[in-house]
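Dear colleague,

Please find below the structure that I am handing over to you. I would be grateful if you could look through it before reading my notes.

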Amino acid sequence: MIIIKAETSKAATPVEKTFKCQQCGNDFTTTANHAKYCKDCARQRQFDRAKAYNEKKKNLQLRPLGSTDICPECGNEYLVKSGSQKVCENCRKKYTNKMKSKTNAVYSAKAYDVITVYLKKGEKSELKNKLEEYKQLSGEDISVNEFINEAIKKMLKELDSKIADLELPF
Ligand SMILES: [Zn+2]
Ligand SMILES: [Zn+2]
């Protein structure tokens, strides 16, 4: 009877230990074995992380059509007509030409074959959006062209091993 009572009361009062918060430097007590931050700082850190994550996510989401954004080329405000729009209408032509001539300069430097690939409606923009999302998160820029080239390389390798399997003597 006495033993049971003692055990119960021991379990009901876990030992509190004192830690120094690495954020605010205040001492705090907790029954946990390890703690870096006091309750307030831990909550604040979690809140900050969630906020940063949401902001990153929000920036990736397409801006609502009809809203305004600042053109990075000329600094003027412009009306957003599509989610992927980066510059104002006036700069768009200049911008597209600049990108085109940059791409052409790279690809005319060496000999390339050109193939035309037909994609199902919507797949091109889906691919472009995915690559853009990847670029935003990783900082690594992969063009649709590079992506398709990589995909072809991978598939060729796979095809090589399939051919090798078929050629195996029985
Ligand atoms: Zn603290
Ligand atoms: Zn502009």
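The notes below go from the whole chain to single residues.

Please bear in mind that this is a predicted model. The protein chain contains five helices and four strands, and their order along the sequence is α-β-β-α-β-β-α-α-α. Of the 170 residues in the chain, 1% are buried. Contacts that join residues at least 24 apart make up 3% of those between residues at least 6 apart in sequence.

Strand 1, residues 17-20, pairs with strand 2, residues 27-30, in the antiparallel sense, and four bridges link the two. One of the residues involved is Lys 20, whose bridge partner in strand 2 is Asp 27. Six residues lie between the strands of this hairpin, and Gly 25 adopts a positive phi near 80° there.

Lys 17 belongs to strand 1. Is this residue buried, exposed or partly exposed? Lys 17 has 13 C-beta neighbours inside 10 Å, and therefore counts as partly exposed. Beyond its neighbours within four places in sequence, Lys 17 is in contact with Thr 29 and Thr 30. Its C-alpha atom is separated by 9.6 Å from that of Ala 35, which is 18 residues away along the chain.

Further along, helix 4 covers residues 123-138, 16 residues in total. From first C-alpha to last, helix 4 reaches 22 Å, close to the 22 Å expected at 1.5 Å a residue.

With kind regards

Conventions: Residues are numbered from 1 along each chain as its sequence is written. Chains are lettered from A and ligands numbered from 1 in the order in which they are written. This is a predicted model: local features need pLDDT of at least 70, side-chain atom pairs count only at pLDDT 80 or more; totals for chains, interfaces and linings use all residues. A residue is buried if 20 or more other C-beta atoms lie within 10 Å of its own, exposed if 12 or fewer, and partly exposed in between; C-beta atoms are placed from the backbone. Two residues are in contact if their C-beta atoms, placed from the backbone, lie within 7 Å. Two strands pair if DSSP finds at least two bridges between them. The expected span of a helix is 1.5 Å times one less than its number of residues.
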